[in-house]
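Have the sequence and the 3D view side by side for this one. We'll start with a single pair of residues and work out to the sheet, the helix and the core.

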Amino acid sequence: MKRYSPKILTFSPAKQDDYRDMEDVIASYSLEGWEIVSMTHLQGMQPVYTVLLQYEISEEEYQKSTEKSA
């Protein structure tokens, strides 16, 4: 059975440089093995981006995490 760890990132870029920073953060997660599940863009007074990521957890990692929480 596959298990996944979720992560949600939210960005509110105000300047052009902020978009590069956002892309760098997302790229760093991708390089670490996180997969992008979805990305939404809401435009209002200031744009807001929400990125949903997931990371596949091995059975060993899952067992360790449940032992820590118990």
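## One salt bridge

Let's begin with charges: this structure holds one salt bridge, meaning a side-chain nitrogen of Lys or Arg within 4 Å of a carboxyl oxygen of Asp or Glu. The partners are Glu 59 and Arg 3, and their closest N and O atoms are 3.9 Å apart. Glu 59 belongs to helix α2 (residues 59-69) and Arg 3 to strand β1 (residues 3-11), so the pair ties together parts 56 residues apart in sequence.

Glu 59 is partly exposed at 40% relative accessibility, and Arg 3 is partly exposed too, at 23%. On this scale, buried is under 20% relative accessible area, exposed is over 50%, and partly exposed is in between (1.4 Å probe, protein chains only).

## What the values rest on

This is a predicted model, where local features need pLDDT of at least 70 and side-chain atom pairs count only at pLDDT 80 or more, while totals for chains, interfaces and linings use all residues. Residues are numbered from 1 along each chain as its sequence is written, and side-chain values use heavy atoms, leaving out hydrogens and water.

Helices (H or I, at least four residues) and strands (E, at least two) are DSSP runs, numbered from the N terminus.

## The sheet

Strands of a sheet pair through backbone hydrogen bonds, either parallel or antiparallel. Here, an open sheet of three strands has the order β1-β3-β2, with antiparallel pairing. β1 and β2 stand at the edges with a single partner strand each, so one side of each has no neighbour in the sheet.

Two strands count as paired if DSSP finds at least two bridges between them. Nine bridges join β1 to β3, with Lys 7 partnering Leu 53 in β3. Strand β2 (residues 35-42) pairs with β3 over seven bridges, and Thr 40 has Thr 50 in β3 as its bridge partner. β2 and β3 also form a hairpin, with five residues between them.

## Helix α1

How far apart are the end C-alpha atoms of helix α1? They are 23 Å apart, which agrees with the 22 Å that its 16 residues (16-31) should span at 1.5 Å a residue; the expected span is 1.5 Å times one less than the number of residues. After α1 comes Gly 33, with a positive phi near 105°.

## The core

The largest nonpolar core has eight residues: Leu 9, Phe 11, Met 22, Ile 26, Trp 34, Tyr 49, Val 51 and Leu 53. Such a core is a set of buried Ala, Val, Leu, Ile, Met, Phe, Trp, Tyr and Cys residues joined through side-chain atoms within 4.5 Å. β3 (48-57) gives the most to this core, with three residues.
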